[in-house]
Amino acid sequence: MEPGGGVRAPGDWAGGLLDAAAASLGGGRSVILMVPDATALAALEARATEQFGDGSFVTLTAELGPATRYRNFLAAARGDVRLVLGTRAAVYAPLPDLGLIAVWDEGNDAYAEPRAPYPHAREVAALRASREASGLLVAGYGRTAEVEALLARGWLVPLALPAQQARRIGPAVKVAVDSDRALERDPNARAARLPHEVFATIRAGLSQGPVLVQVPRAGYAPRLACQACRAPADCPRCGQPLRGERAAGEMRLTCPSCGPLPGPWRCAECGGTRLRAPQVGVTRTAEELGRAFPQTRVVQSWGGRRVDAVGAESALVLATPGAEPIPEAGYAAAVLLDAGVMLARPDLRAGEEALRRWLEAASLVRPGETGGTVLVVGDAAERPVQALVRLDPAGAAARELTERVQTRFPPAARLVVLEGPRAALEDAEAAWRPVPGAEHFGPIPLDDESWRLTVRCPPAEGAGLVRGMRTLLAERSARKAPGAVRLRVDPQAVG
Ligand SMILES: [Zn+2]
Ligand SMILES: [Zn+2]
């Protein structure tokens, strides 16, 4: 609802967060609103100033500088303001009588603290909400398996539009088959061609307004898969994606937790013994499209030089995922290139992450009934591609969680990764051995001094395992044992 009582426009996430905040503030309680990055924070700040006025809130981010951050921290602690906006550090804002913590774009990995072991801000928010009896609102275009697990346990209640209504306000989504397969049949083909549907969609879109072309960043090491059946090549012991390393002219397969595969690889699905690495072809795109639409204004927005917004006039907008300029009146169309590249990262979250990025791009496109179209270029048999076509992040998250339960990965297990001198990792045995259901992988060597040990246990035993590991680290530092040890709990990716 708008302050005047009307209904907010679809996709107005900032308005939604501020409405939730207004309800708690109106009841006399304080509120933390979290966003993943500076761009989102600037948008939220502008809207909060409009709605609540200057001086009604403070911001907390790592970029503020210590003096300002401290001043804002104090203002919150003293109760001078009851509303804090910020990035992941804001989750610790010392507000008294907390009524609501809201996390926008909960799947964004900006919420994961790179200086581990601090946990993911969404997890801290959930913990604070339960301890301080405050409301918790997690929102986004995608849905993580972690949030699905909180739903399954009844900690969260889903708030979503009925599928029919979501499809009515969302764009029409279609799939164009990637030429990857064609390239495989003819490995001598010099460059893969973009499917002709891409040109048709862009041409039709340009006659109505700006067209977004999402181009995945180059440089992902691709996830290996079976040549025969395309099942991903995962570690037979722990289930993590295997990586290929060339050593002495030979392809050697390595698991980030268990180390090199002891024998030759064999597909668990079909028994095949040949591997394929999906084609990565990104740089060709900008040139090829530029040639095809020579009279069109081209806007490029990458991580390092991001363009914040584009107008309503026709333009070809090339952007990496997460750097899409916000269109004044919606994109007429969006083309999501190289779905296979997004899905081929050797990361258990690749599917979840790809779908979140695609849905975010789709949210910037006009409704299907006014011609808004999304074309994804990839394999229609891939489950995240199907979930995009159906605009169904909830179904995708439910399947993802089932899979994590079967393979025992977070949130269906707790994963602790220790890296440091071998002797320290051997000492760690005293910490994990007594934990019921704990299994260990490694230690495997990372370099001359450093080794990696991965320990997995049931979620209920996680707190005990982490406590034991922390005690071990404290003892090591007390007796000044040589070498640093890094502890990570449920890292976003091992490696
Ligand atoms: Zn196979
Ligand atoms: Zn393994």
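Helix 11 is mostly covered, with 11 of its 13 residues buried (20 or more other C-beta atoms within 10 Å of a residue's own, C-beta atoms being placed from the backbone). This is a predicted model, in which local features need pLDDT of at least 70. Residues are numbered from 1 along each chain as its sequence is written.

**Exercise 1.** Which residues of helix 11 are buried?

*Solution.* Start by finding the helix, a DSSP run of H or I with at least four residues, numbered from the N terminus: helix 11 covers residues 350-362. Then pick out its buried residues, among them Glu353, Arg356, Trp358 and Ala361.

**Exercise 2.** At what angle do helix 11 and helix 13 pack, and which residues make the contact?

*Solution.* First, the angle between helix 11 and helix 13 (residues 393-407) is about 175 degrees, and their axes are 11 Å apart. Angles over 145 degrees count as roughly antiparallel, so helix 11 is roughly antiparallel to helix 13. Next, the contact (C-beta atoms within 7 Å) joins Gly351, Glu352, Leu355 and Leu359 of helix 11 to Pro393, Ala396 and Glu400 of helix 13.

**Exercise 3.** In what order do the four strands of the open sheet stand, and which strands are at the edges?

*Solution.* Strands are DSSP runs of E with at least two residues, and two of them pair if DSSP finds at least two bridges between them. The order is 20-21-19-22, with antiparallel pairing. Strand 20 (439-445) and strand 22 (486-489) each have a single partner strand, so one side of each lacks a neighbour in the sheet.

Conventions
Chains are lettered from A and ligands numbered from 1 in the order in which they are written. This is a predicted model: local features need pLDDT of at least 70, side-chain atom pairs count only at pLDDT 80 or more; totals for chains, interfaces and linings use all residues. The expected span of a helix is 1.5 Å times one less than its number of residues. A residue is buried if 20 or more other C-beta atoms lie within 10 Å of its own, exposed if 12 or fewer, and partly exposed in between; C-beta atoms are placed from the backbone. Axes are lines fitted to C-alpha atoms, for helices over the stretch in contact, and angles run from 0 to 180 degrees between N-to-C directions. Angles under 35 degrees count as roughly parallel, over 145 as roughly antiparallel, 65 to 115 as roughly perpendicular and the rest as oblique. Two residues are in contact if their C-beta atoms, placed from the backbone, lie within 7 Å.
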